[in-house]
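Dear colleague,

I am passing on the structure below, and after it I describe what was found. Please keep it open while you read.

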Amino acid sequence: MPTPRSRRSPLPVIAATAALLLPLGACSSSGGSGASGDAQRLRVVMAFPPAQAMSPYGDDAVTLSRLAVVEGLTTLDRNGAARPALAASWKQDDPTTWTFTLRDAVFQDGAKVDADAVVRSLTAAGKASPPPRVLSDTTLEATATGRDTVRIVTGEADPLLPQRLANPSLTVLSAGAYGNGKVNPAGHATGPFTLTGVKGAVSATLERNTDYWGGKAKAPGVDVTFAADGTARANALRTKAVDVAEYVPISQASLLGDSYVHAFPSARTNGLSLNTRHGVFADPALRAAAREAVDSKALVDGVYEGRADTAQGLLGPGIPWAAGLRTDPTGRIPAASRAEVARTKEIVLATYANRPELPEVATLVQQQLEKRGFTVEQVVRDYAQMEADALAGKYDAFIQARNTLLDTADPVSYLASDFTCDGSFNISQLCDERVDSAVAEAASLTGTAARHRAEMTAEAAVLAADALVPLVHERFVQGYDDARVEGVALDPMERTLITADTHVG
């Protein structure tokens, strides 16, 4: 499925604009409520309003991470490798046991970051209902072995544990965050900014954390508003009501101009899933014909106005190591002829309206398939109304935007969930022994280089089966005036946006 952050329905433009502009009425361009300092307060508009009162166990955890409020034991570099955060170092004692040594740090409420705090936070995450997605395929047992050392034991060997612990849902919070069956990160996290107030789905206030272990943030605080409508976010940036606008729609990018638009490769691939078990595309020759019909460049130029990358495989430019390890698919079935295609029954091509570009993509793909001889009926609805039918194989073809790094910043989770016989999100209904074997091999490896090679072997096996036709690799578009704003993070994995270095010049 798309990440849940892509599944929320947009607010009407008028309501979104009102929600965006009213909270900023009291804020001048040179300051605002809250702390003053040696830099101007940042004004940021985010695309996704809080859905769970800023709980770290759902979508709001990503918002907290993108606003530099929360941290975990580790963080990720551009290649998805784990790097120190609250843990200064770690070692693997055996296949299921790891020891993490903590750095000297304090929470935003003044409490010390110690082993007991880490154990408390990880235990609470494991007991959450429903549990965070990052724990859906594993169990963690954390034990304090010293004031600053924590032993973590996994139910099975988990070579991705350091990457897993970088997930925002496994943030470390102080004891004050837990009470009455709820978790409140406000004032109890460790990031460079402290969450001090939230007004429902309208706005939030952040202040500089003066005790941050990584050094003082350059901005004294952040005034955040939430607007699900992309046009409202773009308008706020255009009128200088905000300094940073998250996720500018492609349709608004050219109107803003290059100095405000910052597009960069993402880990998201938009693809055409073909139903390999039922209907027309159970025939691999017809799947091959559909693949040959798709013109990725026409989609990039016609829908994304050049702000996307043509399809290269399952893993695109947002995963820098993939291109150098990619191998050509082998053993593909030859494509059916146009005459053979013309004799097939009508196919149902479906997508969802939550991401504004996808219905336009579906229209062009329909035209491309019809040019090859297919007869196509198009279905477009809200994602929430379609997911169950898509997973049940009720569509012949389904267009979706998919984050290929998911929760552990490693594509093996995506490959397993989307393309193996027992995969939990196998819209293509694929069950191929060659694919299952390749994915299992990748999952078993601990060395990063060997794992990456095996993942690209698995990619080639999926492509050989024509279970999914890659359409385009999305680029994220963040909006800010590069003549005024510095230090905005352009993160392919969507986990960071505002950092300690973000400020208005």
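How many disulfides does the count come to, if a disulfide is a pair of cysteine sulfur atoms within 2.5 Å? The count comes to one disulfide. Please note that this is a predicted model, in which local features need pLDDT of at least 70 and side-chain atom pairs count only at pLDDT 80 or more, while totals for chains, interfaces and linings use all residues. Residues are numbered from 1 along each chain as its sequence is written, and side-chain values use heavy atoms, with hydrogens and water left out.

The disulfide is formed by C421 and C431, whose sulfur atoms are 2.0 Å apart, and with 95° about the S-S bond this link is right-handed. In general, a disulfide is a covalent bond between the sulfur atoms of two cysteines.

In helix α14 (residues 433–444), the buried residues are V435, A438, V439 and A442. They cover an arc of only 95° around the axis (taken from the directions from the helix axis to the C-beta atoms), which puts them on the same side of α14. D432 caps the N-terminal end of α14, a side-chain oxygen lying 2.8 Å from the backbone nitrogen of R434.

Best wishes

How values were computed: Helix = DSSP H or I, 4+ residues; strand = E, 2+ residues; numbered from the N terminus. Expected span 1.5 Å × (residues − 1). Buried < 20%, exposed > 50% of the residue type's maximum accessible area, 1.4 Å probe, protein only. Polar contact = N/O pair within 3.5 Å; in protein donor to acceptor, adjacent residues only side chain to side chain. Disulfide = S-S within 2.5 Å.
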